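Welcome! Here is a short tour for anyone meeting this structure for the first time. Take a look at the sequence and the model, then read on.

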Amino acid sequence: MNMNLNGQLVDAIRVAVPHGTNIANLLMDMLCISKDAVYRRIRGDVSFTLEELSVLSEKLNISLDNVLGLANKERGIFNLNLFHQPESVNDHITLLKNRISFCKDIAIDPAAKAIIACDILPPTFCFKYDKLRRFYLYRWLFQNQIIDSLTPMSDLGSYPEFDEVAKNLTAQFTKIPTLELIIDNKIFTSFVQEVLYFIKLELISKEEINDIRKELDELISSTEISIAKGRDVKSEGQEIVVYLSDINIENSNYYYENSIFSAAEYVLYSNNTIHTKNPEVCQVQKEWMKILKRFSTIITHSGEIYRRSFFNNQKRLVKEMFDSYS
């Protein structure tokens, strides 16, 4: 990192923090280095290390793409929120905690917005319900081969820390003032399809099936009410605008923005994600969301017949799918 980039980073820090903040004291606290070491970096005598760049980018929402001159269409920096080979529930808890911090950074602005285009149920929807949350964790452990492929869900132990963190993530996400949701018309049935896979393997008991089925019915009904009202009935009043896509959504993608920064997030395997604050990537993501909206029908505060038809059809399909294996 040359001295010019050092100066660009210091300038970016000044923009990112409130006016009047003592930059030296802030860097001492964040980077755990002495005052002399901080001033050597501010003067440009010593370069910031890669680890220090990462810390500052994460805590201050500074786009390293801009600082390093990578904000172009060919290159961008992504934060890999995943493990090459997860080894325990703690790995997933760490990922969820990172998402909590990210949601807090977004929601600090009353004008903040999240836009999600999803082909599957977002985890925060499932985390509101005990049995759905337990199935989510079981599926994640199964897919990442952390538990034996013959382990039934009933043998899954209790994970109070996971439950607490998952609920906290849901609470933090719903503090983002506005949520725009573009949903695939198979959003609920695709979840049932995953449950049926484990039923075919005889890894879920009848009691567990009934519990999952009951909570999924509750989720569908609650979602319908929230969409009709334009408010999340289970949160502090997050405004919701929902679009029902008339085309298949190939993969779940997120776009976030507030007055300070924007971010794009992409769901990979097993609900792991990568995200970036690269301005070019974020703009492309935002434009793609606009395109999806043009291929969708808004069902919040309008389209009542279309909305009722969709949810009645979802309830019927979910019932038929579960009944076929009861």
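A crossing of two helices is called left-handed if the near helix is turned anticlockwise from the far one by less than a right angle, and right-handed if it is turned clockwise. Keep that in mind for the helix pairs below. The model you are looking at is predicted. The protein holds 13 helices and eight strands, and 51% of its 326 residues count as buried.

**Helix 6 with helix 9**

- Two packed helices are described by the angle between their axes and the distance between the axes.
- For helix 6 (residues 89-107) and helix 9, the axes cross at roughly 20° and come within 9 Å.
- Angles under 35 degrees count as roughly parallel, so helix 6 is roughly parallel to helix 9.
- The crossing of helix 6 past helix 9 is left-handed.
- On the helix 6 side, the residues in contact include Val89, Ile93, Leu96, Ile100 and Cys103. Their partners in helix 9 include Phe162, Val165, Ala166, Leu169 and Phe173.
- Sorted by class, this contact between helix 6 and helix 9 has ten nonpolar, four polar and four charged residues.

**Helix 8 with helix 9**

- Helix 8 (residues 130-143) also packs with helix 9 (residues 160-173), at an angle of about 110° and with the axes 11 Å apart.
- Angles of 65 to 115 degrees count as roughly perpendicular, so helix 8 is roughly perpendicular to helix 9.
- Helix 8 passes helix 9 in a right-handed crossing.
- Asp130, Arg133, Tyr136 and Leu137 of helix 8 make the contact with Phe162, Asp163, Ala166 and Lys167 of helix 9.
- The residues of this contact split into four nonpolar and four charged, with no polar ones.

- Ser296 sits in strand 8 (residues 296-298). Its relative accessibility is 14%, so Ser296 counts as buried.
- The side chain of Ser296 comes to 2.6 Å from the backbone oxygen of Leu292.
- Beyond its neighbours within four places in sequence, Ser296 touches Ile182, Tyr243, Leu244, Ser245 and Asp246.
- Thr300 is found in the loop between strand 8 and helix 13. At 5% relative accessibility, Thr300 is buried.
- A polar atom of the Thr300 side chain lies 2.8 Å from the backbone nitrogen of Val242.
- Leaving out residues up to four places away in sequence, Thr300 is in contact with Ile227, Gly230, Ile240, Val241 and Val242.

- Most residues other than glycine have a negative phi.
- Cys32 lies in the loop between helix 2 (23-31) and helix 3 (35-43), and it is exposed, with a relative accessible area of 68%.
- His301 belongs to the loop between strand 8 and helix 13 (304-323), and at 61% relative accessibility it counts as exposed.

How values were computed:
Residues are numbered from 1 along each chain as its sequence is written. This is a predicted model: local features need pLDDT of at least 70, side-chain atom pairs count only at pLDDT 80 or more; totals for chains, interfaces and linings use all residues. Side-chain values use heavy atoms; hydrogens and water are left out. Axes are lines fitted to C-alpha atoms, for helices over the stretch in contact, and angles run from 0 to 180 degrees between N-to-C directions. Helices (H or I, at least four residues) and strands (E, at least two) are DSSP runs, numbered from the N terminus. Angles under 35 degrees count as roughly parallel, over 145 as roughly antiparallel, 65 to 115 as roughly perpendicular and the rest as oblique. Contact means heavy atoms within 4.5 Å. Ala, Val, Leu, Ile, Met, Phe, Trp, Tyr, Cys and Pro count as nonpolar, Asp, Glu, Lys and Arg as charged, and the others, Gly among them, as polar. Buried means under 20% relative accessible area, exposed over 50%, partly exposed in between (1.4 Å probe, protein chains only). A polar contact is a pair of N or O atoms within 3.5 Å; within protein, one must be able to donate a hydrogen and the other to accept it, and residues adjacent in sequence count only if both atoms are side-chain atoms.
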